[in-house]
Amino acid sequence: MKELSHIAMGVRASTTMAIDSLYKQMKAEGQDVIGFAAGEPDFPTPSHIKDAAFQAIRDNYTRYTPASGDLDLKTAICARMKVDCGVEYAPNQVVVSSGAKHLVYLALRAIVNPGDEVILPTPAWVSYYELIRMVGGTPVMVSATEDEDFKLSPQKLERAITSKTKAIILNNPSNPTGMVYDAVQLKALADVCVKHDLYIISDEIYCNLIYDGKPFTSVASLSQEVKEHTILINGVSKSYAMTGWRIGYALAQPVIAKLMSNFVSHSTGSPCAISQKAALTALTASQEAVAVMKAAFEERRNYMVERMNAIEGVSCIKPEGAFYVMMNIEKLIGKTIGGVLIQSGEDFATEFLKQGLVALVPGEGFEAPGFVRWSYAASMENIREGLDRLERFLNR
């Protein structure tokens, strides 16, 4: 047989799959395992959103829609983005598709040629690296340390730029760190991008989950020039507990939106019609459910951070958004816990799952060795028990 695609052969499966597989196996066996690895709200989709989906079915709204989304949904997205993010777009600048991840891929497809470099600040969500490679691009990882609050500086960005650099992916608020770039920090980065004529793919899926009363700044709101360089990525998954509905959206200058729409029309086709009606209601109805979930996440974050920093051997900085905490385990590297030598975050996560019955995500998958990620999109009861188990595990 002829050889397979070099690009496809180079795409790696998620580095967290081994831990996830073990967690699911243990759970299926009836073991009392607790998971803190999921990147999704533990709340059910609000009832009024589900009711809109039921109504769409009753109305026989079950056929193809325009490939890049219904006009009424695009109009609602523009209105919501203006309120939440202070940015103005027209419906012809909106692309709706099957989740925000797919839209990051489509954005890269629209702007990246084989060999182009895309700067990726790390720690970074596991899929960005592979998505860049899937379109023939070259990821250029630039590390931001815990001492730097996991935030890329304009000086580091400037040093990473070459003649091949085409774009940067920003995730604000960040998965996995939960850190948030403020307006001043964003402007410093955006100024460098405009200076070098770089595209900014800004994944702002967690924009409604920012705590301590701090405002959110969308990079596209900084200036018209920055906006023209930006492809905004967002969706309903995180803010509205709609991960399985698979509706994300991108906003960009019309020519880029058109290119992304063309890819949709020849690949997935239109997103689910029923999900689009549910998303329309999510964006246009009362936002009270979003506020309720945000308040719960903030309470859980406060408890987890305070408790974690009181446990000897581990620590964390306080995340500003999303629903993740990066726990520093560098003091545990080289030590033996429960008879096992811990040499990495993967070792720690594996043994904590086997011996402590708690599932976490090792930092290596995010280019963050010496860390493991906890999600506080879990009940307060499970968070308390999980941290109790951490204390017992570290004292073995």
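**Pockets, cysteines and cores**

Mentor: The second largest pocket is lined by Ile311, Glu312, Gly313, Lys331, Leu332, Lys335, Thr336, Ile337, Glu391, Leu394 and Asn395. Its volume is about 230 Å³, and the model is a predicted one.

Trainee: Which classes make up the lining of the second largest pocket?

Mentor: Four residues are nonpolar, three polar and four charged. Strand 10 (336-337) and helix 14 (380-394) are the elements that give two or more residues to this lining.

Trainee: What is the volume of the largest pocket?

Mentor: The largest pocket has about 1200 Å³. Among its 48 lining residues, Ser14, Lys101, Trp125, Val126 and Ser127 are the closest to the centre. Helix 6 gives the most to the lining, six residues.

Trainee: Why is Cys85 called buried?

Mentor: Buried means under 20% relative accessible area. Cys85 has 5% relative accessibility, so Cys85 counts as buried. Cys78, at 10%, therefore counts as buried too.

Trainee: How many residues does the largest nonpolar core have?

Mentor: That core has 67 residues, and Ile231 is one of those with the most contacts inside it. Helix 5 (residues 100-111) supplies the largest share, eight residues. Another core, of 51 residues, lies apart from it and includes Cys78.

Definitions and conventions: Residues numbered from 1 in each chain as written. Predicted model: local features only at pLDDT ≥ 70, side-chain atom pairs only at ≥ 80, totals over all residues. Heavy atoms only, no water. Buried < 20%, exposed > 50% of the residue type's maximum accessible area, 1.4 Å probe, protein only. Core = buried A, V, L, I, M, F, W, Y, C linked by side-chain atoms within 4.5 Å. Helix = DSSP H or I, 4+ residues; strand = E, 2+ residues; numbered from the N terminus. 1 Å grid on protein atoms, 1.4 Å probe; cavity = no way out; pocket = protein on both sides within 12 Å on 5 of 7 lines; lining within 4 Å. Points joined across faces, edges and corners; volume = space filled by probe spheres on them. Nonpolar A, V, L, I, M, F, W, Y, C, P; charged D, E, K, R; others polar.
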